[in-house]
Each structure stands twice: as structure tokens, then as C-alpha cells.
Amino acid sequence: MNPDLANLRNSPFVALRSLLDPLEPAPNLSPLALTIGEPQNQPPQLMKDVLIENDHLYGKYPPGNATPELRAATCNWLNRRYQLPEGMIDADAHITPANGTKEALYMLAQVITDPSRTEQKPIFLIPNPYYHVYHAAAVMAGAEPVFLNATKDINFFPDLDALDEDTLHRCTGFFLCNPSNPQGTIAGKAYLLRALELARKYDFTLIVDECYTEIYNAEAPVGILEVCNELGGSLDNVMSFHSLSKRSSGAGMRSGFSVGDAKLTKAFLNLRNFAGAAVPLPICAASAALWNDDDHVQINRDRYSTNFDIAERILSGRFEFYRPPAGFFLWLNVGDGVAATKKLWTDCAVRVLPGEYLSGTDANGVNPGIPYIRIALVFDPEMTEEALIRLANSL
Ligand SMILES: Cc1ncc(COP(=O)(O)O)c(C=O)c1O
């Protein structure tokens, strides 16, 4: 067995099952699970129509880098969304469609890790709390994951000024999630610019996970490509990831893509030709149709906004409630997230995720997620209201 496997952490959902399965939920109440970041509304009809129109293509092996139509649709969306000049993104040289971004984020770590970079192990910087794949990707690439606590006082983004020279020299990749997950804050342009400058100065890859960039409240989050554009248009040292899972509520279709550095994209595609599952042709067609359409995304944003209105009404003034500018989670400070999770399950059959399961213990022994719970506002307004009223009464 690969010894690095022993360094993988439990998935948050496995840990949650171990915590709650031995406990009886409150009787006479229907269980409400606000744990998983999976949109519960149906994907747009457009997706189903195009899948059906193209279902005769399931018999064919898909090309390794998907279809020119899908790459063009993602490229056009990037240009539209981030007001990029025509030609800055080359759909063939910079874009790699993938079966969702989870496996692509993982596999990119294998591409960018050079064990001989420095005498000590290369480092991956990981915002803490974090999407669990970042840690696993770093560990299985033979690198050292280093947690950077992303706390409330710093807008829930890692403090870039706190990084020392040694760490930056050893850094091979920096996973930056913007909007932040699970806190839903947005990094400003100056922050992204600073992160990109560091990546170029110390020659590491800035991996920007932008899968929540379309789910926002008032203002569309700045993208890393806008910053690249301001610096002259080069994508060097950047790999950004986008997904239809949240944007189009299409998590089960498994469709996303990376865009970035041409040299890395070429190497990534080469590795994916052996180890990546190419995107099936009907899914390429449906994905292209979804990237070409923005109307259904506004409908999704409006749905989340209604749920946040409900949350604001019920929770305002408690648990350090704030209305996140992006994403669809509440990140509530309840003092002890694990204790609150158990109490909510046994008191009122509401299932939430302790913040501790989404974050790690840093080099100083601090786990910034301990006081928090994460709540996914992905259900309809009625169910959201019912769950939040139960929660407010119980805690
Ligand atoms: C922060 C973040 N990044 C990436 C992903 C992966 O999304 P997908 O593989 O569905 O594209 C998720 C999924 O929940 C996520 O929360």
C-alpha cells in the first residue's frame, strides 16, 4: 500500500456519519439534512433536452479534450463573465473540460509537484477550512499540506503577508477558493493580484477554485482571469476551475473545466489521456448549452437569495450571523460545532456539518472550524424555514 494513504483525513461526511449514526434523531419529526452542498432544485430543462437529443452518442468514445463546441462555449462564457479581450483565452491551449472539478483538482496536483524542487518536501498551501480534495491531492502527490487559517478578521481568506520565505520557496501549489467555501466571502482584486504576484515571484501554481463564482448575492465576484488581464493577459502560474454543479444545479452530470497556463494545460491533458475519464459526448453537448445560457443561473441566484432572506429573518443577531455575499452556505458560530450538531440531531432531527470536519489543525495546534457549523441552504424556502426555526429554537 502507498504509505501516504495513511495521511488522508476522513471525508467530512464519513466523520459525520460516525458522529450521528449512533444517536436517535428526535422522534415524530421528519429528518432535515442541511449537510451537503448539492443544489436540490432540478437542473434546467435545456440540459435534459440536449442530453436526449444527443443520446445516440453514448456509444462513442469521447475525445480526450472533449469537443471544440464545449471548449468554445466555456471560452465565450469566460469572455462574457469576466469581460476579457477576444483572443486572451485560447480554447485549445488553455481549457481542459473534465468530469466535474473534483477529480481535476486532484489530478492537477500530480502534474505540478516536483519532489526535487527543494531539499524538503514541496508544500501545498491550503485555506483552512478547505474543500477536502485539496488536502488529499497534496498528500497523494507526495507533498506537505500546510493549512493557512482563514478566519473572520481576515475576510475568511488566508493572510498572504504572514507567509515566510521558506514556505514560499517550497510552495508548489496554492489552493485558493474564491468565493471562499464554506464562508461565502469574496476576495477583492488587490488580494488576488497579490496572490498572483507571489505565485510568479516564487514560481508556484495558483490554483483558483471558482466553482461558486456564479452564486452571488449582489455583486459578481472578481475572477482571477480579470486580474491576469489587467497584468497584460498572461495565464502563467494560474489554473482556475469552474463547474456546472452549482451554477446550473447539475452536480450529477459531472461537468467542469480548468483554464490556465498553457504549459501546465498541455501536461495536464497529457496525463489525462492516461488517467482522466473523458467527458461523454452527450454531456459535452449539454454542458456547452448550459455555458451558453445565463438566464437559468439568475433563477438559481434568486432562489438562494430567498433562502438567505429567510435565514436573515430567523437568525439575525445570533451565532454571528452574516449574509454571505456568495455561495449557499451559512457559517454559524455556535461555540462548539460538534456539540451543536449532536444536539440538533437529537433535539429536532436537523442534520448539519460541524466546522471542525471541514478544517484541519494548523502548525500551532489551532483548528479554526471548531466553533462553527455549516448549513447548506439548498432546499426550497418552506423546508429551509422549517429547518432554521427548529435550529433557532434548539440552540
Ligand atoms: C469548493 C468546491 N470546489 C470544488 C467542488 C467540486 O465540484 P464538482 O466536482 O461537482 O465540479 C466542490 C463540490 O462540492 C466544492 O465545494
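1. Basis. The model is predicted: local features need pLDDT of at least 70, side-chain atom pairs count only at pLDDT 80 or more, and totals for chains, interfaces and linings use all residues. Residue numbers start from 1 along each chain as its sequence is written.

2. Ligand shell. The ligand is surrounded by 13 residues (C-beta atom, placed from the backbone, within 6 Å). G100, T101, K102, S243 and S245 are the closest. The shell has seven polar, four nonpolar and two charged residues (nonpolar: Ala, Val, Leu, Ile, Met, Phe, Trp, Tyr, Cys and Pro; charged: Asp, Glu, Lys and Arg; polar: the others, Gly among them).

3. Helices α5 and α11. Helices are DSSP runs of H or I, at least four residues, numbered from the N terminus. α5 (residues 101-112) packs on α11 (residues 262-275) at about 115 degrees, axes 10 Å apart. Axes are lines fitted to C-alpha atoms over the stretch in contact, and angles run from 0 to 180 degrees between N-to-C directions. The pair is therefore roughly perpendicular (65 to 115 degrees).

4. Their contact. M107, L108, Q110, V111 and I112 of α5 meet L264, A267, F268, L271, R272 and A275 of α11 (C-beta atoms, placed from the backbone, within 7 Å). Nine of these residues are nonpolar, one is polar and one is charged.

5. Helices α14 and α15. The axes of α14 (residues 337-348) and α15 (residues 381-394) come within 10 Å and cross at roughly 110 degrees. These helices are therefore roughly perpendicular too. K343, L344, D347 and C348 of α14 meet R390, L391 and S394 of α15. That contact has three nonpolar, one polar and three charged residues.

Terms used: Helix = DSSP H or I, 4+ residues; strand = E, 2+ residues; numbered from the N terminus. Parallel < 35°, antiparallel > 145°, perpendicular 65-115°, else oblique. Contact = placed C-beta atoms within 7 Å.
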